[in-house]
Amino acid sequence: MSTPILVDDPGDPRLSVFRRNERGLANRSERRDDAGAGRFLAEGDLVVERAIAAGCVPVIALLDDTAPEHLVSQLVDDARVEVFVAGEAVRRMVTGMGRVQPVVALFERPPRPSAAELVERAGRLVVVEGVDNPANIGSIVRNAAALGWNGLLLDRTSADPLSRRSIRVAMGTVFALPHARCSNSDELAQLLRQRADEGGTVVALTPH
């Protein structure tokens, strides 16, 4: 169990991790690592709850006194988590968010299946190629999860589903939708051909 620490200085160095940009949380090689490397930021009580429910490991949390009690208890009861409490002004300056959430937490990035493993086990798979806008990835994830699809396969150029904006748009549903990333375009084409050869139906959409 950890004891929440009250912070009234936005310059407190213990909160510096919340100021990191996407590359500071996970560099390119870490985002490409199937074993799980780097960290991701979850914003809002619902998103943090969904991350914890999916087995993601929290590292540090920043919250206020309006945060849901059951979620605060979960974070405080986990000895691995540093829990800080701050007012709205401090949290806004630290996180850089216009709309300040009652809970913001940093998590270890979880391991994920390889592209081949995901194709093998997912009955219905959404494949994205060249989608570099994190908000679009988040929207795709949210719809796929709502419609009961089983996985998300990305090419090497598409945005990270665990980026701050993707997670926010997806409302944390990314933790319920397994995803994998291909190492190159040849692997993506090979896996789709394999799926078709095994009797799967491949449907493609293009803005053109």
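R168 is partly exposed, with a relative accessible area of 40%. In this predicted model, R168 belongs to helix α8, which spans residues 164-170. N143 is part of helix α7, formed by residues 134-146. The C-alpha atoms of N143 and V119 are 19 Å apart, and the two residues are separated by 24 residues along the chain.

With regard to the overall architecture, the chain contains nine helices and eight strands. Its radius of gyration is 18 Å, close to the 17 Å given by the globule rule for 208 residues, so the chain is as compact as a globular protein of that length. Taken along the principal axes, the C-alpha atoms fill a box of roughly 60 × 30 × 25 Å. Buried residues account for 46% of the 208 residues of the chain.

Five strands form an open sheet with mixed pairing, in the order β1-β4-β3-β5-β2. The edges of this sheet are β1 (5-6) and β2, each of which pairs on one side only. Strand β5, comprising residues 103-108, stands between β3 and β2 in the sheet order and is mostly covered, as five of its six residues are buried.

The pairing of β5 was examined on both sides. With strand β2 (residues 39-43), β5 pairs in the antiparallel sense over five bridges. Within this pairing, R39 has E108 of β5 as its bridge partner, and L41 stands opposite L106 in β5. Strand β3 (residues 58-63) is likewise joined to β5 by five bridges, and these two strands run antiparallel. Here the bridge partner of I60 in β5 is L106. When the lining of the largest pocket is divided by class, 16 residues are nonpolar, four are polar and three are charged.

The cysteines were considered last. A disulfide is a covalent bond between the sulfur atoms of two cysteines. A search of the whole structure returned zero disulfides. C56 has a relative accessible area of 7% and is classed as buried, because this value is under the 20% cut-off. C182 is also buried, its relative accessible area being 1%.

Key: Residues numbered from 1 in each chain as written. Predicted model: local features only at pLDDT ≥ 70, side-chain atom pairs only at ≥ 80, totals over all residues. Heavy atoms only, no water. Nonpolar A, V, L, I, M, F, W, Y, C, P; charged D, E, K, R; others polar. Disulfide = S-S within 2.5 Å. Buried < 20%, exposed > 50% of the residue type's maximum accessible area, 1.4 Å probe, protein only. Helix = DSSP H or I, 4+ residues; strand = E, 2+ residues; numbered from the N terminus. Pairing = 2+ DSSP bridges. Rg over C-alpha atoms; globule rule 2.2 N^0.38 Å.
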